[in-house]
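Hi,

Here is the structure I promised to pass along. Please have a look, and read my notes below it when you have a moment.

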Amino acid sequence: MLCDADRDALAQALGRHYAEGRMDAAELERRLALVYGDEPREALDGLPPLAAEASRRRRRGRRHGEADAPAPGWMPTTERFLDPTTQRVMRVWVDPADRRRHYVAEPVP
């Protein structure tokens with residue numbers, strides 16, 4: 001008997017197969033019915049193994065939106081925050097051209 005987490009993992013695997021074009025929406029629906037029905041182990045029959053996903057653990061160092069230094073033209077804001085992963089104080093900068101926010105570590109005093 002599979003637990004809910006195992007069934008959810010199977011459903012996620014089916015979602016990846018669907019996203020990679022290995023089945024249409026009707027086939028995905030049919031296989032999901034197997035996952036949450038009486039035959040969950042048959043849901044992946046005939047599908048190739050999935051490539052390993054990149055680790056989702058947070059990495060040390062730069063992350064999305066983070067820059068080593070502000071680019072010319074970026075405007076500083078008064079907004080600052082403590083990055084919970086690195087414990088660095090980050091300042092928010094905005095690029096007026098596209099209104100994107102960027103995060104630059106404040107110098108350590």
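Let me start with Arg-101, which is partly exposed at a relative accessible area of 39% (buried is under 20%, exposed over 50%, partly exposed in between, with a 1.4 Å probe and protein chains only). Its partner in a salt bridge is Glu-79, with the closest N and O atoms 2.9 Å apart; a salt bridge here is a side-chain nitrogen of Lys or Arg within 4 Å of a carboxyl oxygen of Asp or Glu. The two lie 22 residues apart and link distant parts of the chain, Glu-79 sitting in strand S2 (residues 75–82) and Arg-101 in strand S4 (residues 100–105). Glu-79 is partly exposed too, at 35%.

A note on the basis: this is a predicted model, with pLDDT of at least 70 needed for local features and 80 or more for side-chain atom pairs, while totals for chains, interfaces and linings use all residues. Residues are numbered from 1 along each chain as its sequence is written, and side-chain values use heavy atoms, leaving out hydrogens and water.

The whole structure has eight salt bridges. Among them, Arg-30 pairs with Glu-27 at 2.8 Å between the closest N and O atoms. These two are three residues apart in helix H2, so about one helical turn separates them. Helices are DSSP runs of H or I with at least four residues, strands are runs of E with at least two, and both are numbered from the N terminus.

Asp-98 and Arg-100 also form a salt bridge, at 3.8 Å from N to O. Arg-100 is exposed at 56%, whereas Asp-98 is partly exposed at 38%.

Best wishes
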